[in-house]
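Let's take a walk through this model together, from the whole chain down to a single side chain. Keep the 3D view open as you read.

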Amino acid sequence: SDILKDTLEKLVSLSEEYWSINRSISDSLINRAFVIISRKKINDSVLIANAYHILGKNLVHKREFQNGIDTLKKCNKIKQKFLSDDFKSISKTLNYIGIGYNGLRIYDSAFSYYQKAKAPLIENSVFDINLYLVNLNIAIYYSSIGKYNTALSFYDTAYIVLEKSGLIKDSTIMSGYYYNYALYTTFTGKLKQANEYYEIVERIYGALHGHNSIGLAGVKNNQGINSYLGYELSKANLYFKKALDIHSFNNSKDNENIASTYYNLSKVYEEEGNLPLTIASCEKGLSYAPNNDLSLILNNILANSYATIGDNVNALKYFNITLGLLDNENINPNRKQDVYSDYASFLMNSGNNNLSLKYYLKSLKEAKGLHGEASDQYAGILSKIGNYYLVGEKNADSALFYYSLSINIYNNNNLDLQGHNRNLVTEKQAEVGYAKANRLKFQQTNNIDYLLIADTVLNNVLMTLEDISSQLTKNNKLIVIEAMYPIYLLSVENSYD
C-alpha cells in the first residue's frame with residue numbers, strides 16, 4: 001500500500017503542477033488518482049482533501065459547476081476536521097467554491113464564500129497569492145453585477161497585494177491579472193483598451209510559453225468578442241480563427257472552448273448577413289458535443305437563421321430543440337429570457353400573434369426575475385413587446401406605452417454608465433420603434449404633433465449612430481451605415497408627411 005500511496009501522491013502533485021500549464025493533462029491525472037481512491041482505502045485524509053480540491057477545480061473549469069462545488073465542499077469538510085489550523089489551505093478551497101457559484105451566477109453565494117476565504121487571511125495579516133486571488137474574484141463579482149466602481153477598488157487592492165507580496169515580479173501571475181482587468185474594461189465598454197490589455201497578456205504569456213501556446217486561445221477569443229462588440233467584424237473574424245488555429249496547432253481536446261469559439265464566429269457571420277456560414281459554424285460547433293448551455297445557444301442561432309431565410313420547417317425544428325434544453329442541468333438562467341423572446345418573434349412573423357404575446361410575456365417575467373424592472377434586459381423585452389403591438393396588432397397606443405417604458409429605463413441607466421456601442425444600437429432600436437409608433441398614431445388621428453415627435457426622435461437616433469460610425473474603421477463603418485439606411489428613409493418619409 002505504500003507504493004500505492006506514493007503513486008497517488010505523485011498523481012495529485014503532478015495534477016496540481018499541470019493545472020497552470022495544461023488543464024487537460026491535469027484533469028486526466030486527477031481522474032487517474034480517483035480511480036485508485038475508488039478502489040483502495042487510503043488512510044491519508046490530507047492527501048484525499050488535496051485530491052478533492054484539484055478535482056473540484058477541474059470540474060469548475062470544465063463548467064460542471066455544481067459537481068465542482070459539491071466536490072470542493074467535500075474537500076472543505078475534510079480540511080475543517082483535519083487541517084483546521086491551515087487557514088491558507090482552507091481559504092484556497094473556499095475561494096474556489098465561490099468561483100463555482102459565480103459560474104452558476106448565484107452571486108450572493110459566490111460573494112459569501114469569497115468573504116469566508118478572505119477573513120482568516122486578513123485576521124492573520126497574510127499578503128500572499130491567496131489574498132490576491134480572493135480580491136481579484138471579488139472584483140470580478142462586482143463587475144458581474146454591474147458595480148464597476150466598487151470592482152475597480154478591488155482590482156486596485158489585488159494589485160497592492162501583488163506589490164506587497166513581491167508577486168508583481170511573477171510574469172505568469174501578472175499576465176493573469178491583466179487578463180482579468182481586460183475583462184473588467186470590457187464590462188465597462190472600453191473595448192479597445194481591453195484589447196490593449198490582452199496584448200500585454202499575449203506578450204508576457206507568449207514570451208514564457210510561445211505564441212501558439214494553448215493559453216493564448218482564450219486571449220484571442222476574448223479579443224474577438226471585444227472586436228465584435230465594437231463592430232470591428234473583420235478583426236473579430238481574424239481573432240476567432242486565430243484562436244481555432246491555436247487549438248488545432250496544439251491538437252487541443254478542449255471541445256467546450258472550441259465549440260464556444262465557433263459560436264462566436266457564427267455571431268460575426270450572422271451580423272454580416274452571411275447565413276450559410278452562420279449555419280455552418282453552428283453545425284461545426286455542435287459537432288464537438290458541447291455542454292447543454294452551449295448546445296442550446298448554438299441551436300437557437302440555427303433556429304433564428306433558418307427563420308430569417310424563411311425556412312420555417314427547420315426553424316421550428318431547432319426552436320423545439322432549444323426549448324427542450326431550457327430545463328436541463330447547467331443552463332445559464334438568462335437563456336429562458338432570450339429563447340422565449342426569439343421564439344415569440346418567430347411566432348409573430350408566422351402570424352401566430354396570441355402565442356407570440358404569451359412568449360414575450362414569459363420572457364419579460366424571466367428578465368424581471370433575474371435582473372429587475374430597472375435593468376437593460378427588462379427594457380429590451382419591453383421594446384420587443386412594443387414592436388409586437390406596432391407590427392403584429394397595429395395598436396399604436398400599446399406600442400407607445402411599451403416603447404416609452406423601455407426608453408425611460410435605458411435613459412436612466414445611461415446616467416450611471418455608458419455601455420459599449422452595441423448596447424447603444426440596441427437602445428436606439430427602441431427609439432426607432434417609438435418613432436414608428438408615433439407615425440402610426442398620426443395615420444390613425446391625423447394629428448401632426450405625432451410626426452413632429454417622430455422627427456425629433458429619428459434625428460437624435462441618426463446623430464448617435466453617425467457618432468458611432470465615426471469611431472470605426474472604413475470597412476466596419478459599413479455595418480452601422482447599413483443599419484442607418486432604413487432610418488434615413490424613414491426620416492425622409494416622415495419629413496415628407
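This is a predicted model: local features need pLDDT of at least 70, side-chain atom pairs count only at pLDDT 80 or more; totals for chains, interfaces and linings use all residues.

Residues are numbered from 1 along each chain as its sequence is written, and side-chain values use heavy atoms, with hydrogens and water left out.

Start with the whole chain. It has 23 helices and zero strands; helices (H or I, at least four residues) and strands (E, at least two) are DSSP runs, numbered from the N terminus. Along the principal axes, the C-alpha atoms fill a box of roughly 90 × 50 × 40 Å. For 497 residues, a compact globule would have a radius of gyration near 23 Å, and the 25 Å of the chain agrees with that; the radius is taken over C-alpha atoms, and the globule rule is 2.2 Å times the number of residues to the power 0.38. Of the 497 residues, 50% count as buried, meaning under 20% relative accessible area with a 1.4 Å probe, protein chains only.

Now look at helix α7 (residues 129-144) and helix α8 (residues 148-165), whose axes come within 8 Å and cross at roughly 165°. Axes are lines fitted to C-alpha atoms, for helices over the stretch in contact, and angles run from 0 to 180 degrees between N-to-C directions. α7 is therefore roughly antiparallel to α8, a label for angles over 145 degrees. The residues of their contact divide into 14 nonpolar, four polar and no charged; Ala, Val, Leu, Ile, Met, Phe, Trp, Tyr, Cys and Pro count as nonpolar, Asp, Glu, Lys and Arg as charged, and the others, Gly among them, as polar.

Further along, helix α19 (residues 376-392) and helix α20 (residues 396-414) have axes that come within 8 Å and cross at roughly 160°. These two helices are therefore roughly antiparallel as well. By class, the contact of α19 with α20 has 12 nonpolar, seven polar and one charged residues.

Finally, zoom in on Ile-409, which sits in helix α20. Is Ile-409 buried or exposed? With a relative accessible area of 12%, Ile-409 is buried. Beyond its neighbours within four places in sequence, Ile-409 is in contact (heavy atoms within 4.5 Å) with Glu-373, Ala-374, Ser-375, Tyr-378, Ala-379 and Leu-382.

Key:
Angles under 35 degrees count as roughly parallel, over 145 as roughly antiparallel, 65 to 115 as roughly perpendicular and the rest as oblique.
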